[in-house]
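Please keep the sequence and the 3D view side by side as you read. The points below go from the whole chain to single residues.

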Amino acid sequence: YQENGAIVHYIPIKESAVTVNPYGILLVDSGGHYLDGTTDITRTLALSEPTAEQKHFFTLVLKGLIHLSQVIFPEGSTGANLIAWLANFCGRRDSIMDIVRVMV
């Protein structure tokens, strides 16, 4: 939540944890390990009216993910290649983490 939302696999620490309030954007990154595989579910919840900037970047990321789901990637493509492609598709010279920073 808020500044902790951009931390991958965030684990709350009492000294730095924040209380979730009815404003901002909440990022839920959840999953589990099972005998037959691993699940990963990420959800973004607007707890109040998003700003125009948040709507803009959320829309860019959504369009990029939709397009990404339709691309045939060359053999050997890595996650880093996909993230760089997505940031480029979104028309940003900043890293994808800069886009995420605006979202939370």
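1. Start with one pair. In strand E2, Ala46 is the bridge partner of Ile25. Strands here are DSSP runs of E with at least two residues, helices are runs of H or I with at least four, and both are numbered from the N terminus.

2. Know what you are looking at. This is a predicted model, where local features need pLDDT of at least 70, side-chain atom pairs count only at pLDDT 80 or more, and totals for chains, interfaces and linings use all residues. Residues are numbered from 1 along each chain as its sequence is written, and side-chain values use heavy atoms, with hydrogens and water left out.

3. Now the layout. The protein has 2 strands and 3 helices. Read from the N terminus, the order is β-β-α-α-α.

4. Back to the strands. E1 covers residues 25-34 and E2 covers residues 37-46. They pair in the antiparallel sense, over 10 bridges. Pairing requires that DSSP finds at least two bridges between the strands. A hairpin of 2 residues joins E1 to E2. Which residue of E2 does His33 stand opposite? His33 faces Thr38 there. As background, side chains in a regular strand alternate between the two faces of the sheet.

5. Check the length of helix H1. H1 has 17 residues, 52-68. At 1.5 Å a residue, H1 should span 24 Å. The end C-alpha atoms of H1 are 24 Å apart, so the two values agree.

6. Next, the sides of H1. Its buried residues are Gln54, Phe57, Leu60, Gly64 and Leu68. Buried means under 20% relative accessible area, exposed over 50%, and partly exposed in between (1.4 Å probe, protein chains only).

7. Look for charge pairs. How many salt bridges does the structure hold? It holds 1. The side chains of Lys55 and Glu49 meet in it, at 2.7 Å from N to O. The cut-off is a side-chain nitrogen of Lys or Arg within 4 Å of a carboxyl oxygen of Asp or Glu. Lys55 is partly exposed, at 41% relative accessible area. Glu49 counts as exposed, at 60%.

8. Then find His67. His67 lies in helix H1. At 34% relative accessibility, His67 is partly exposed. Leaving out residues up to four places away in sequence, His67 touches Trp85 and Phe89. Contact means heavy atoms within 4.5 Å. His67 and Phe89 are 22 residues apart in sequence, with 8.9 Å between their C-alpha atoms.

9. Finish with the totals. Of the 104 residues in the protein, 19% are buried. Among contacts with a separation of 6 or more, 34% join residues 24 or more positions apart.

Definitions and conventions: Expected span 1.5 Å × (residues − 1).
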